[in-house]
Amino acid sequence: SYKLSALPSGFRKEGPIVLCILDGYGLGKDDPSANPIVAAHPTYINDLIEKSKSAGLYKQIRAHGPAVGLPSESDMGNSEVGHNAMGAGQIYSQGTMLVDESFKTGRMFKTENWKTVVGETASHSGTLHMFGLLSDGNIHSHIGQVEQLIDGAVETGIKTLRIHVLLDGRDVPPESGLKYIDMIEAKLASLAAKGVDAKIASGGGRMYVTMDRYNSDWNIVRRGWNSMVHGIVEEADISDKYKGYYHSAREAIEACRAAFPDKKDQYNLPFVIVDEAGSPIGKMKDGDAVINWNFRGDRAIQISKAFELPDTEFTFFDRGTKPKVRYAGLLEYDTEVHIPSQFLVPPPEISHTLSQYLLASGVPSYAIAETHKFGHVTFFWNGNKSGYIDEAHELYEVVPSLPNSETETHPEMKAKEVTDKLVAALESKKYRFLRVNYANGDMVGHTGNFDSCVKCVQCLDREIARLDAAVRAQNGILIITADHGNVEDKDHKGSKTSHTCAPVLFSVTDYTYKGEYTLIPDTVKPDGEGKEGSGLSNIAATVMNLLGFEAPDVYRKSMIQFK
Ligand code: 3PG
Ligand code: CO
(Lines give C-alpha, C1' and ligand atoms only; values in the text may rest on other atoms or scores of the structure.)
(Ligands and ions follow the chains in the order given, each with its own letter.)
Protein backbone atom coordinates (compact mmCIF):
# COMPACT_ATOMS: atom_id res chain seq x y z
CA SER A 1 0.00 0.00 0.00
CA TYR A 2 1.15 3.52 -0.70
CA LYS A 3 -0.47 5.07 2.34
CA LEU A 4 2.17 6.92 4.35
CA SER A 5 2.28 7.05 8.17
CA ALA A 6 2.25 10.34 10.00
CA LEU A 7 5.47 11.45 11.66
CA PRO A 8 5.43 10.24 15.30
CA SER A 9 6.16 13.76 16.54
CA GLY A 10 2.97 15.04 14.91
CA PHE A 11 4.99 17.60 12.89
CA ARG A 12 3.03 18.69 9.84
CA LYS A 13 2.90 21.85 7.76
CA GLU A 14 -0.64 22.81 6.84
CA GLY A 15 0.09 25.38 4.15
CA PRO A 16 0.73 24.42 0.55
CA ILE A 17 4.21 23.30 -0.48
CA VAL A 18 5.41 24.55 -3.86
CA LEU A 19 8.40 22.81 -5.41
CA CYS A 20 9.81 25.13 -8.03
CA ILE A 21 12.20 23.49 -10.48
CA LEU A 22 14.30 25.98 -12.41
CA ASP A 23 15.21 23.79 -15.37
CA GLY A 24 18.91 23.90 -16.22
CA TYR A 25 19.81 26.39 -13.45
CA GLY A 26 23.08 25.13 -11.97
CA LEU A 27 25.49 26.63 -9.46
CA GLY A 28 28.50 27.87 -11.38
CA LYS A 29 31.49 30.12 -11.08
CA ASP A 30 31.26 33.53 -9.47
CA ASP A 31 32.24 35.21 -12.75
CA PRO A 32 29.94 37.58 -14.64
CA SER A 33 31.75 36.92 -17.93
CA ALA A 34 31.25 33.14 -17.76
CA ASN A 35 28.09 32.78 -15.71
CA PRO A 36 24.93 34.49 -16.99
CA ILE A 37 23.30 34.04 -13.57
CA VAL A 38 26.00 36.17 -11.96
CA ALA A 39 25.77 38.67 -14.82
CA ALA A 40 21.98 38.87 -14.45
CA HIS A 41 22.21 39.50 -10.72
CA PRO A 42 18.81 38.04 -9.76
CA THR A 43 18.31 40.02 -6.57
CA TYR A 44 15.08 38.36 -5.49
CA ILE A 45 16.37 34.81 -5.86
CA ASN A 46 19.68 35.75 -4.23
CA ASP A 47 17.83 37.28 -1.32
CA LEU A 48 15.70 34.16 -0.81
CA ILE A 49 18.86 32.06 -0.88
CA GLU A 50 20.59 34.30 1.66
CA LYS A 51 17.63 34.09 4.02
CA SER A 52 17.31 30.34 3.72
CA LYS A 53 21.06 29.98 4.27
CA SER A 54 20.94 31.91 7.50
CA ALA A 55 18.01 29.80 8.71
CA GLY A 56 19.90 26.57 7.91
CA LEU A 57 17.40 25.77 5.16
CA TYR A 58 19.73 25.80 2.19
CA LYS A 59 21.92 23.12 0.56
CA GLN A 60 23.78 22.42 -2.64
CA ILE A 61 22.70 19.08 -4.00
CA ARG A 62 23.96 16.73 -6.70
CA ALA A 63 22.25 16.48 -10.06
CA HIS A 64 24.62 14.50 -12.29
CA GLY A 65 26.45 11.17 -12.58
CA PRO A 66 25.75 8.31 -10.14
CA ALA A 67 23.53 10.57 -8.00
CA VAL A 68 20.92 10.35 -10.78
CA GLY A 69 21.64 6.82 -12.05
CA LEU A 70 24.25 7.65 -14.69
CA PRO A 71 27.48 5.71 -15.11
CA SER A 72 30.18 8.16 -14.05
CA GLU A 73 31.03 11.50 -12.50
CA SER A 74 31.65 12.88 -15.99
CA ASP A 75 28.03 12.31 -17.03
CA MET A 76 26.17 15.60 -16.97
CA GLY A 77 22.65 15.62 -15.63
CA ASN A 78 19.56 15.91 -17.76
CA SER A 79 15.88 16.49 -17.31
CA GLU A 80 14.79 12.89 -17.68
CA VAL A 81 17.07 11.45 -15.03
CA GLY A 82 16.69 14.54 -12.85
CA HIS A 83 12.90 14.45 -12.79
CA ASN A 84 12.91 10.67 -12.39
CA ALA A 85 15.11 11.05 -9.31
CA MET A 86 13.04 13.87 -7.82
CA GLY A 87 9.73 12.19 -8.55
CA ALA A 88 10.70 8.70 -7.37
CA GLY A 89 12.92 9.45 -4.37
CA GLN A 90 15.24 6.64 -5.44
CA ILE A 91 18.15 6.17 -7.82
CA TYR A 92 17.59 3.85 -10.76
CA SER A 93 20.15 2.72 -13.30
CA GLN A 94 19.09 4.78 -16.25
CA GLY A 95 18.45 3.77 -19.89
CA THR A 96 21.97 4.28 -21.15
CA MET A 97 23.39 2.04 -18.42
CA LEU A 98 20.86 -0.68 -19.14
CA VAL A 99 21.73 -0.56 -22.84
CA ASP A 100 25.46 -0.80 -22.11
CA GLU A 101 24.78 -3.72 -19.81
CA SER A 102 22.77 -5.49 -22.48
CA PHE A 103 25.64 -5.17 -24.97
CA LYS A 104 28.12 -6.38 -22.38
CA THR A 105 26.19 -9.52 -21.56
CA GLY A 106 25.15 -10.07 -25.18
CA ARG A 107 21.50 -10.18 -24.09
CA MET A 108 20.57 -7.56 -26.71
CA PHE A 109 21.17 -9.93 -29.60
CA LYS A 110 19.41 -12.88 -28.00
CA THR A 111 16.07 -11.14 -27.42
CA GLU A 112 12.95 -12.20 -29.31
CA ASN A 113 12.57 -8.67 -30.66
CA TRP A 114 16.09 -8.68 -32.10
CA LYS A 115 15.34 -12.02 -33.73
CA THR A 116 12.07 -10.82 -35.27
CA VAL A 117 13.17 -7.34 -36.25
CA VAL A 118 16.74 -7.96 -37.40
CA GLY A 119 16.92 -11.74 -37.83
CA GLU A 120 13.85 -12.11 -40.02
CA THR A 121 14.80 -9.10 -42.11
CA ALA A 122 18.24 -10.60 -42.71
CA SER A 123 16.75 -13.95 -43.66
CA HIS A 124 14.83 -12.46 -46.59
CA SER A 125 17.61 -10.01 -47.53
CA GLY A 126 15.64 -6.92 -46.45
CA THR A 127 17.22 -3.61 -45.58
CA LEU A 128 17.80 -2.62 -41.98
CA HIS A 129 17.32 1.11 -41.37
CA MET A 130 18.56 2.71 -38.19
CA PHE A 131 18.02 6.29 -37.10
CA GLY A 132 18.57 8.54 -34.12
CA LEU A 133 20.65 11.28 -32.60
CA LEU A 134 24.28 10.99 -33.69
CA SER A 135 26.60 12.11 -30.91
CA ASP A 136 28.15 10.98 -27.65
CA GLY A 137 25.99 13.33 -25.56
CA ASN A 138 24.57 10.28 -23.78
CA ILE A 139 21.28 12.00 -23.04
CA HIS A 140 19.19 10.59 -25.89
CA SER A 141 21.77 8.29 -27.48
CA HIS A 142 25.43 7.35 -27.74
CA ILE A 143 27.37 6.76 -30.96
CA GLY A 144 29.27 3.90 -29.30
CA GLN A 145 25.96 2.07 -28.91
CA VAL A 146 25.10 2.74 -32.56
CA GLU A 147 28.37 1.12 -33.62
CA GLN A 148 27.60 -1.92 -31.50
CA LEU A 149 24.13 -2.19 -33.01
CA ILE A 150 25.70 -2.07 -36.47
CA ASP A 151 28.14 -4.86 -35.55
CA GLY A 152 25.31 -6.95 -34.17
CA ALA A 153 23.22 -6.46 -37.28
CA VAL A 154 26.07 -7.53 -39.55
CA GLU A 155 26.71 -10.53 -37.34
CA THR A 156 23.03 -11.46 -37.66
CA GLY A 157 23.35 -11.43 -41.44
CA ILE A 158 22.12 -7.99 -42.55
CA LYS A 159 23.62 -7.18 -45.96
CA THR A 160 22.02 -3.80 -46.61
CA LEU A 161 22.09 -1.12 -43.96
CA ARG A 162 20.80 2.46 -44.21
CA ILE A 163 21.46 5.04 -41.50
CA HIS A 164 19.40 8.20 -40.96
CA VAL A 165 21.30 10.68 -38.82
CA LEU A 166 20.12 13.54 -36.63
CA LEU A 167 22.75 16.14 -35.90
CA ASP A 168 22.99 17.13 -32.24
CA GLY A 169 24.78 20.35 -31.27
CA ARG A 170 22.64 20.57 -28.11
CA ASP A 171 24.13 17.90 -25.84
CA VAL A 172 27.54 18.39 -27.50
CA PRO A 173 29.23 21.50 -28.99
CA PRO A 174 27.05 23.42 -31.48
CA GLU A 175 28.99 22.51 -34.64
CA SER A 176 30.54 19.17 -33.76
CA GLY A 177 28.31 17.21 -36.12
CA LEU A 178 30.86 16.40 -38.80
CA LYS A 179 33.10 14.69 -36.26
CA TYR A 180 30.38 12.10 -35.62
CA ILE A 181 29.53 11.87 -39.32
CA ASP A 182 33.16 11.01 -40.08
CA MET A 183 33.19 8.38 -37.33
CA ILE A 184 30.08 6.67 -38.58
CA GLU A 185 31.15 6.93 -42.25
CA ALA A 186 34.40 5.16 -41.36
CA LYS A 187 32.45 2.45 -39.58
CA LEU A 188 30.09 1.96 -42.52
CA ALA A 189 32.94 1.92 -45.05
CA SER A 190 34.71 -0.80 -43.06
CA LEU A 191 31.75 -3.10 -43.64
CA ALA A 192 32.29 -3.24 -47.42
CA ALA A 193 35.02 -5.83 -46.82
CA LYS A 194 32.35 -8.05 -45.28
CA GLY A 195 30.10 -7.65 -48.31
CA VAL A 196 27.73 -5.27 -46.54
CA ASP A 197 26.31 -2.28 -48.38
CA ALA A 198 26.05 0.29 -45.58
CA LYS A 199 25.40 4.00 -46.13
CA ILE A 200 24.00 7.16 -44.61
CA ALA A 201 20.70 7.77 -46.41
CA SER A 202 19.24 10.93 -44.90
CA GLY A 203 19.49 13.34 -42.01
CA GLY A 204 19.00 16.78 -40.52
CA GLY A 205 19.16 18.77 -37.29
CA ARG A 206 17.42 17.33 -34.24
CA MET A 207 15.34 20.44 -33.47
CA TYR A 208 14.05 20.69 -37.03
CA VAL A 209 13.81 17.06 -38.04
CA THR A 210 12.16 14.09 -36.25
CA MET A 211 12.84 14.78 -32.55
CA ASP A 212 9.84 16.82 -31.41
CA ARG A 213 8.49 16.26 -27.90
CA TYR A 214 5.20 16.70 -26.06
CA ASN A 215 3.36 17.35 -29.35
CA SER A 216 4.97 20.78 -29.57
CA ASP A 217 5.31 20.79 -33.38
CA TRP A 218 4.43 17.80 -35.55
CA ASN A 219 5.97 19.50 -38.61
CA ILE A 220 9.32 18.44 -37.15
CA VAL A 221 8.28 14.80 -37.18
CA ARG A 222 6.79 15.07 -40.66
CA ARG A 223 10.06 16.41 -42.14
CA GLY A 224 11.91 13.45 -40.66
CA TRP A 225 9.31 10.96 -41.85
CA ASN A 226 9.37 12.32 -45.40
CA SER A 227 13.14 12.28 -45.68
CA MET A 228 13.78 8.90 -44.03
CA VAL A 229 10.79 6.98 -45.27
CA HIS A 230 10.07 8.51 -48.69
CA GLY A 231 13.42 10.08 -49.61
CA ILE A 232 11.77 13.50 -49.95
CA VAL A 233 13.06 16.88 -48.79
CA GLU A 234 10.06 19.16 -48.55
CA GLU A 235 9.81 22.05 -51.04
CA ALA A 236 9.87 24.65 -48.27
CA ASP A 237 13.41 23.61 -47.33
CA ILE A 238 14.82 23.77 -50.85
CA SER A 239 16.17 26.99 -52.35
CA ASP A 240 18.87 28.30 -54.72
CA LYS A 241 21.22 28.11 -51.74
CA TYR A 242 20.29 24.64 -50.54
CA LYS A 243 19.33 21.77 -52.85
CA GLY A 244 18.24 19.24 -50.23
CA TYR A 245 19.57 16.24 -52.25
CA TYR A 246 23.28 15.49 -52.01
CA HIS A 247 25.77 12.68 -52.58
CA SER A 248 27.06 12.56 -49.01
CA ALA A 249 26.09 13.75 -45.55
CA ARG A 250 29.22 15.87 -45.35
CA GLU A 251 28.37 17.60 -48.62
CA ALA A 252 24.81 18.28 -47.38
CA ILE A 253 25.90 19.64 -44.00
CA GLU A 254 28.58 21.84 -45.51
CA ALA A 255 26.06 23.19 -48.00
CA CYS A 256 23.63 24.02 -45.21
CA ARG A 257 26.32 25.70 -43.13
CA ALA A 258 27.48 27.79 -46.09
CA ALA A 259 23.94 28.86 -46.93
CA PHE A 260 22.71 29.44 -43.36
CA PRO A 261 25.62 30.03 -40.97
CA ASP A 262 23.23 30.79 -38.11
CA LYS A 263 21.44 27.48 -38.13
CA LYS A 264 24.17 25.35 -36.49
CA ASP A 265 23.73 21.59 -36.11
CA GLN A 266 20.47 21.60 -34.12
CA TYR A 267 18.62 23.32 -36.94
CA ASN A 268 20.45 21.82 -39.94
CA LEU A 269 17.98 21.44 -42.81
CA PRO A 270 16.86 17.95 -43.80
CA PHE A 271 18.81 16.17 -46.51
CA VAL A 272 18.44 13.03 -48.58
CA ILE A 273 21.39 11.17 -50.08
CA VAL A 274 21.01 10.29 -53.76
CA ASP A 275 22.98 8.11 -56.18
CA GLU A 276 24.62 9.18 -59.45
CA ALA A 277 21.27 9.08 -61.19
CA GLY A 278 19.72 11.31 -58.51
CA SER A 279 17.60 8.61 -56.86
CA PRO A 280 17.40 8.43 -53.06
CA ILE A 281 19.51 5.53 -51.78
CA GLY A 282 17.54 4.72 -48.64
CA LYS A 283 13.76 4.90 -49.07
CA MET A 284 11.93 2.46 -46.83
CA LYS A 285 9.94 -0.35 -48.40
CA ASP A 286 7.73 -3.25 -47.34
CA GLY A 287 9.71 -5.90 -45.50
CA ASP A 288 12.43 -3.56 -44.23
CA ALA A 289 13.22 -3.17 -40.54
CA VAL A 290 13.70 0.07 -38.63
CA ILE A 291 15.52 0.61 -35.32
CA ASN A 292 15.36 3.87 -33.40
CA TRP A 293 18.66 3.98 -31.52
CA ASN A 294 17.62 6.71 -29.06
CA PHE A 295 17.10 5.41 -25.54
CA ARG A 296 15.35 8.46 -24.08
CA GLY A 297 11.60 8.66 -24.45
CA ASP A 298 10.39 12.25 -24.77
CA ARG A 299 11.70 12.94 -28.25
CA ALA A 300 11.25 9.38 -29.52
CA ILE A 301 7.54 8.93 -28.89
CA GLN A 302 6.02 10.92 -31.75
CA ILE A 303 8.17 9.36 -34.47
CA SER A 304 7.42 5.95 -32.96
CA LYS A 305 3.71 6.69 -33.29
CA ALA A 306 4.28 7.61 -36.95
CA PHE A 307 5.78 4.18 -37.53
CA GLU A 308 3.25 2.24 -35.48
CA LEU A 309 -0.21 3.76 -35.38
CA PRO A 310 -2.84 2.70 -37.92
CA ASP A 311 -4.37 5.36 -40.20
CA THR A 312 -7.50 5.53 -38.07
CA GLU A 313 -5.49 6.70 -35.06
CA PHE A 314 -2.77 8.74 -36.72
CA THR A 315 -4.12 12.22 -37.45
CA PHE A 316 -1.00 14.37 -37.14
CA PHE A 317 0.10 14.56 -40.79
CA ASP A 318 -0.31 12.70 -44.05
CA ARG A 319 2.20 9.85 -43.99
CA GLY A 320 1.71 9.01 -47.67
CA THR A 321 1.96 5.30 -48.42
CA LYS A 322 3.20 3.79 -45.19
CA PRO A 323 5.60 0.92 -45.87
CA LYS A 324 5.06 -2.27 -43.86
CA VAL A 325 8.20 -2.34 -41.74
CA ARG A 326 9.20 -3.99 -38.50
CA TYR A 327 9.89 -1.18 -36.02
CA ALA A 328 11.74 -1.32 -32.72
CA GLY A 329 12.99 1.24 -30.24
CA LEU A 330 16.22 0.72 -28.35
CA LEU A 331 14.11 1.10 -25.18
CA GLU A 332 10.44 1.19 -24.34
CA TYR A 333 9.76 4.94 -24.32
CA ASP A 334 6.37 5.16 -22.57
CA THR A 335 5.92 2.45 -19.99
CA GLU A 336 2.23 3.23 -19.37
CA VAL A 337 0.90 3.34 -22.91
CA HIS A 338 3.64 0.96 -24.17
CA ILE A 339 5.31 2.85 -26.98
CA PRO A 340 6.79 1.36 -29.06
CA SER A 341 5.32 -2.11 -29.08
CA GLN A 342 8.71 -3.68 -29.75
CA PHE A 343 11.92 -2.65 -28.03
CA LEU A 344 15.37 -4.15 -27.50
CA VAL A 345 16.13 -3.30 -23.87
CA PRO A 346 13.59 -3.17 -21.03
CA PRO A 347 13.53 0.31 -19.45
CA PRO A 348 14.17 1.06 -15.77
CA GLU A 349 11.14 -0.08 -13.81
CA ILE A 350 10.46 3.02 -11.79
CA SER A 351 7.92 2.42 -9.04
CA HIS A 352 6.92 3.81 -5.64
CA THR A 353 6.81 7.35 -6.95
CA LEU A 354 6.14 10.36 -4.77
CA SER A 355 2.86 10.94 -6.62
CA GLN A 356 1.66 7.42 -5.83
CA TYR A 357 2.42 7.90 -2.15
CA LEU A 358 1.01 11.40 -1.80
CA LEU A 359 -2.22 10.65 -3.62
CA ALA A 360 -2.77 7.47 -1.60
CA SER A 361 -2.18 9.55 1.53
CA GLY A 362 -4.73 12.23 0.72
CA VAL A 363 -2.50 15.01 -0.63
CA PRO A 364 -4.17 16.73 -3.61
CA SER A 365 -1.43 17.63 -6.09
CA TYR A 366 -0.86 20.02 -8.97
CA ALA A 367 1.76 20.27 -11.74
CA ILE A 368 2.44 22.91 -14.36
CA ALA A 369 4.97 23.79 -17.07
CA GLU A 370 4.98 25.17 -20.57
CA THR A 371 4.88 22.67 -23.43
CA HIS A 372 8.65 22.15 -23.78
CA LYS A 373 8.84 20.85 -20.21
CA PHE A 374 5.31 19.68 -19.53
CA GLY A 375 6.17 16.00 -19.75
CA HIS A 376 9.14 16.61 -17.47
CA VAL A 377 6.96 17.51 -14.45
CA THR A 378 4.35 14.88 -15.29
CA PHE A 379 5.65 11.99 -17.42
CA PHE A 380 9.29 11.90 -16.24
CA TRP A 381 8.22 12.92 -12.73
CA ASN A 382 5.92 9.91 -12.54
CA GLY A 383 8.57 7.42 -13.69
CA ASN A 384 8.03 7.69 -17.48
CA LYS A 385 4.31 7.04 -17.26
CA SER A 386 1.84 9.23 -19.07
CA GLY A 387 -1.45 10.39 -17.61
CA TYR A 388 -2.70 11.07 -14.11
CA ILE A 389 -2.07 8.86 -11.09
CA ASP A 390 -5.39 9.87 -9.52
CA GLU A 391 -7.32 12.25 -11.73
CA ALA A 392 -9.87 13.09 -9.04
CA HIS A 393 -7.19 14.65 -6.84
CA GLU A 394 -4.71 15.99 -9.37
CA LEU A 395 -4.50 18.70 -11.98
CA TYR A 396 -1.78 18.99 -14.64
CA GLU A 397 -1.77 22.27 -16.56
CA VAL A 398 0.25 23.15 -19.65
CA VAL A 399 0.92 26.58 -21.13
CA PRO A 400 1.51 26.38 -24.90
CA SER A 401 5.14 27.23 -25.77
CA LEU A 402 6.39 29.44 -28.57
CA PRO A 403 8.11 27.55 -31.41
CA ASN A 404 11.62 26.30 -30.57
CA SER A 405 13.13 28.73 -33.04
CA GLU A 406 11.91 31.71 -30.95
CA THR A 407 13.54 30.70 -27.68
CA GLU A 408 16.68 32.74 -28.33
CA THR A 409 14.80 35.94 -29.19
CA HIS A 410 12.13 35.47 -26.48
CA PRO A 411 14.10 34.28 -23.45
CA GLU A 412 11.14 35.06 -21.22
CA MET A 413 9.32 32.23 -22.99
CA LYS A 414 5.98 31.58 -21.24
CA ALA A 415 7.25 32.02 -17.67
CA LYS A 416 4.77 34.74 -16.84
CA GLU A 417 1.80 32.71 -18.04
CA VAL A 418 3.04 29.73 -16.05
CA THR A 419 3.19 31.84 -12.87
CA ASP A 420 -0.29 33.25 -13.56
CA LYS A 421 -1.82 29.79 -13.61
CA LEU A 422 0.22 28.52 -10.70
CA VAL A 423 -0.79 31.47 -8.54
CA ALA A 424 -4.43 30.84 -9.44
CA ALA A 425 -4.02 27.20 -8.43
CA LEU A 426 -2.50 28.28 -5.11
CA GLU A 427 -5.30 30.75 -4.49
CA SER A 428 -7.90 28.07 -5.19
CA LYS A 429 -6.59 26.35 -2.02
CA LYS A 430 -7.33 22.99 -3.62
CA TYR A 431 -3.79 21.59 -3.57
CA ARG A 432 -1.34 20.76 -0.78
CA PHE A 433 1.58 19.89 -3.03
CA LEU A 434 2.27 21.91 -6.18
CA ARG A 435 5.20 21.55 -8.55
CA VAL A 436 6.29 23.78 -11.39
CA ASN A 437 9.02 23.64 -14.00
CA TYR A 438 10.29 26.90 -15.46
CA ALA A 439 11.87 25.93 -18.78
CA ASN A 440 13.92 29.08 -19.39
CA GLY A 441 17.33 28.27 -17.89
CA ASP A 442 17.57 25.09 -19.89
CA MET A 443 15.89 26.01 -23.16
CA VAL A 444 17.67 29.35 -23.44
CA GLY A 445 20.87 27.75 -22.18
CA HIS A 446 20.77 25.34 -25.14
CA THR A 447 20.89 28.30 -27.57
CA GLY A 448 24.32 29.19 -26.15
CA ASN A 449 23.48 32.91 -26.46
CA PHE A 450 24.94 34.69 -23.41
CA ASP A 451 22.73 37.79 -23.57
CA SER A 452 19.57 35.74 -23.97
CA CYS A 453 20.66 33.69 -20.96
CA VAL A 454 21.07 36.84 -18.87
CA LYS A 455 17.59 38.00 -19.87
CA CYS A 456 16.05 34.66 -19.06
CA VAL A 457 17.52 34.73 -15.54
CA GLN A 458 16.19 38.26 -15.01
CA CYS A 459 12.78 37.03 -16.11
CA LEU A 460 12.96 34.09 -13.69
CA ASP A 461 13.79 36.51 -10.91
CA ARG A 462 10.59 38.48 -11.61
CA GLU A 463 8.49 35.32 -11.71
CA ILE A 464 9.95 33.94 -8.49
CA ALA A 465 9.11 37.23 -6.79
CA ARG A 466 5.48 36.88 -7.84
CA LEU A 467 5.35 33.22 -6.89
CA ASP A 468 6.94 33.85 -3.51
CA ALA A 469 4.38 36.54 -2.71
CA ALA A 470 1.57 34.09 -3.47
CA VAL A 471 3.14 31.37 -1.31
CA ARG A 472 3.60 33.83 1.56
CA ALA A 473 -0.06 34.86 1.29
CA GLN A 474 -1.03 31.20 1.83
CA ASN A 475 1.41 30.64 4.72
CA GLY A 476 3.05 28.01 2.57
CA ILE A 477 6.54 26.72 1.79
CA LEU A 478 8.47 27.57 -1.36
CA ILE A 479 11.25 25.16 -2.30
CA ILE A 480 13.50 26.26 -5.13
CA THR A 481 15.74 23.75 -6.87
CA ALA A 482 16.85 22.69 -10.34
CA ASP A 483 17.10 19.43 -12.29
CA HIS A 484 20.64 19.97 -13.66
CA GLY A 485 23.01 22.69 -14.76
CA ASN A 486 23.10 24.52 -18.08
CA VAL A 487 22.54 28.30 -18.03
CA GLU A 488 25.30 28.96 -15.46
CA ASP A 489 28.14 28.09 -17.84
CA LYS A 490 28.27 30.04 -21.12
CA ASP A 491 30.69 32.11 -23.14
CA HIS A 492 30.33 35.08 -25.45
CA LYS A 493 31.14 33.01 -28.55
CA GLY A 494 28.05 30.84 -28.21
CA SER A 495 30.19 27.72 -28.07
CA LYS A 496 28.52 26.26 -24.96
CA THR A 497 25.08 24.81 -25.62
CA SER A 498 24.92 21.75 -23.41
CA HIS A 499 24.17 20.77 -19.81
CA THR A 500 26.82 20.67 -17.09
CA CYS A 501 27.86 18.58 -14.10
CA ALA A 502 27.15 21.46 -11.70
CA PRO A 503 25.38 20.97 -8.39
CA VAL A 504 22.07 22.75 -7.93
CA LEU A 505 20.43 24.77 -5.19
CA PHE A 506 17.94 23.45 -2.67
CA SER A 507 16.42 26.38 -0.84
CA VAL A 508 13.48 26.21 1.55
CA THR A 509 11.44 29.29 2.42
CA ASP A 510 8.90 28.35 5.08
CA TYR A 511 6.41 31.06 6.03
CA THR A 512 5.39 29.35 9.26
CA TYR A 513 8.95 28.50 10.26
CA LYS A 514 9.56 28.40 13.98
CA GLY A 515 13.00 26.79 13.95
CA GLU A 516 11.53 23.26 14.33
CA TYR A 517 13.99 21.78 11.82
CA THR A 518 16.96 22.55 9.59
CA LEU A 519 18.52 20.80 6.61
CA ILE A 520 21.37 18.41 7.29
CA PRO A 521 24.68 20.15 6.57
CA ASP A 522 26.43 19.68 3.22
CA THR A 523 29.21 17.69 4.83
CA VAL A 524 26.87 14.89 5.92
CA LYS A 525 26.41 11.97 3.54
CA PRO A 526 22.84 10.88 4.11
CA ASP A 527 22.91 7.71 2.04
CA GLY A 528 26.40 6.42 2.43
CA GLU A 529 29.01 5.26 0.00
CA GLY A 530 29.15 5.85 -3.72
CA LYS A 531 26.50 8.50 -4.05
CA GLU A 532 27.87 10.96 -1.58
CA GLY A 533 26.15 14.06 -0.42
CA SER A 534 22.52 14.89 -0.94
CA GLY A 535 21.13 14.76 -4.44
CA LEU A 536 17.89 15.16 -6.33
CA SER A 537 16.70 11.78 -5.08
CA ASN A 538 16.65 13.11 -1.49
CA ILE A 539 13.98 15.68 -2.32
CA ALA A 540 10.98 13.34 -2.28
CA ALA A 541 11.51 12.15 1.31
CA THR A 542 12.12 15.77 2.34
CA VAL A 543 8.77 16.83 0.88
CA MET A 544 7.07 13.93 2.64
CA ASN A 545 8.49 15.06 5.99
CA LEU A 546 7.34 18.64 5.47
CA LEU A 547 3.86 17.35 4.67
CA GLY A 548 3.92 15.47 7.97
CA PHE A 549 4.74 11.95 6.78
CA GLU A 550 7.44 9.44 7.42
CA ALA A 551 9.31 8.50 4.26
CA PRO A 552 9.23 4.82 3.25
CA ASP A 553 12.35 2.69 3.74
CA VAL A 554 12.92 2.28 0.00
CA TYR A 555 13.47 6.01 -0.31
CA ARG A 556 16.73 7.92 -0.21
CA LYS A 557 16.88 9.82 3.06
CA SER A 558 15.16 13.10 3.86
CA MET A 559 17.36 16.17 4.16
CA ILE A 560 15.34 17.41 7.13
CA GLN A 561 16.77 17.14 10.63
CA PHE A 562 14.30 17.89 13.40
CA LYS A 563 15.46 19.78 16.44
C1 3PG B 1 16.84 18.14 -25.13
O2 3PG B 1 16.20 17.13 -25.42
O3 3PG B 1 16.40 19.28 -25.30
C4 3PG B 1 18.25 17.97 -24.61
O5 3PG B 1 18.88 16.92 -25.28
C6 3PG B 1 18.25 17.64 -23.16
O7 3PG B 1 17.60 18.62 -22.44
P8 3PG B 1 16.69 18.28 -21.18
O9 3PG B 1 17.25 17.05 -20.54
O10 3PG B 1 16.87 19.49 -20.34
O11 3PG B 1 15.30 18.13 -21.67
CO1 CO C 1 18.27 20.61 -21.57
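Is His 352 buried, exposed or partly exposed, and how many other C-beta atoms lie within 10 Å? In this predicted model, His 352 is partly exposed, with 15 other C-beta atoms within 10 Å. His 352 belongs to the loop between S10 and helix H11 (354-360). The residue is not a glycine, yet its phi is positive, near 55°.

**Backbone features**

Asn 138 likewise has a positive phi, near 65°, in a residue other than glycine. Asn 138 sits in the loop between S3 and H6 and is buried, with 26 other C-beta atoms within 10 Å. Ser 125, which follows H5, has a positive phi near 55°. A cis peptide bond links Ile 339 to Pro 340, with omega about -10°; Pro 340 is part of the loop between S9 and S10.

| Residue | Phi |
|---|---|
| Ser 125 | near 55° |
| Asn 138 | near 65° |
| His 352 | near 55° |

**Domains and their contact**

The domain assignment divides the protein into domain 1 (17-93 + 350-562) and domain 2 (96-345). Their centres, taken over C-alpha atoms, are separated by 33 Å. The contact involves 23 residues from domain 1 and 23 residues from domain 2. On the side of domain 1 that touches domain 2, helix H12 (residues 371-380) gives the most, with four residues. By class, that side of domain 1 has three nonpolar, 17 polar and three charged residues.

An open sheet of eight strands runs in the order S6-S7-S5-S4-S3-S8-S9-S10, with mixed pairing. Strand S6 (245-246) and S10 stand at the edges with a single partner strand each, so one side of each has no neighbour in the sheet. Within the sheet, strand S5 (residues 197-205) pairs with strand S7 (residues 271-273) in the antiparallel sense over two bridges. Gly 203 has Phe 271 in S7 as its bridge partner.

Helix H5 (residues 112-123) has the buried residues Trp 114, Val 117, Val 118, Thr 121 and Ala 122. Seen down the helix axis, the buried residues of H5 fall within an arc of 110°, so they line one face of the helix. The face turned away from this buried side carries the exposed residues Glu 112 and Ser 123. The cover over the buried residues of H5 includes strands S3 (127-134), S8 (289-292), S9 (326-331) and S10 (343-345), together with helix H6 (143-156).

**Strand S14**

In strand S14 (residues 477-481), five of the five residues are buried, so the strand is largely enclosed by the rest of the structure. Ile 477, Ile 479 and Thr 481 point one way from S14, while Leu 478 and Ile 480 point the other way. In a regular strand, side chains alternate between the two faces of the sheet.

S14 pairs in the parallel sense with strand S1 (residues 17-22) over five bridges, and Ile 21 stands opposite Thr 481. S14 also runs antiparallel to strand S15 (residues 504-510), to which four bridges join it. There, the bridge partner of Ile 477 is Asp 510.

Technical notes:
Residues are numbered from 1 along each chain as its sequence is written. Chains are lettered from A and ligands numbered from 1 in the order in which they are written. This is a predicted model: local features need pLDDT of at least 70, side-chain atom pairs count only at pLDDT 80 or more; totals for chains, interfaces and linings use all residues. A residue is buried if 20 or more other C-beta atoms lie within 10 Å of its own, exposed if 12 or fewer, and partly exposed in between; C-beta atoms are placed from the backbone. The arc is that of the directions from the helix axis to the C-beta atoms. Two residues are in contact if their C-beta atoms, placed from the backbone, lie within 7 Å. Domain bounds come from an automatic or database domain assignment. Ala, Val, Leu, Ile, Met, Phe, Trp, Tyr, Cys and Pro count as nonpolar, Asp, Glu, Lys and Arg as charged, and the others, Gly among them, as polar. Two strands pair if DSSP finds at least two bridges between them.
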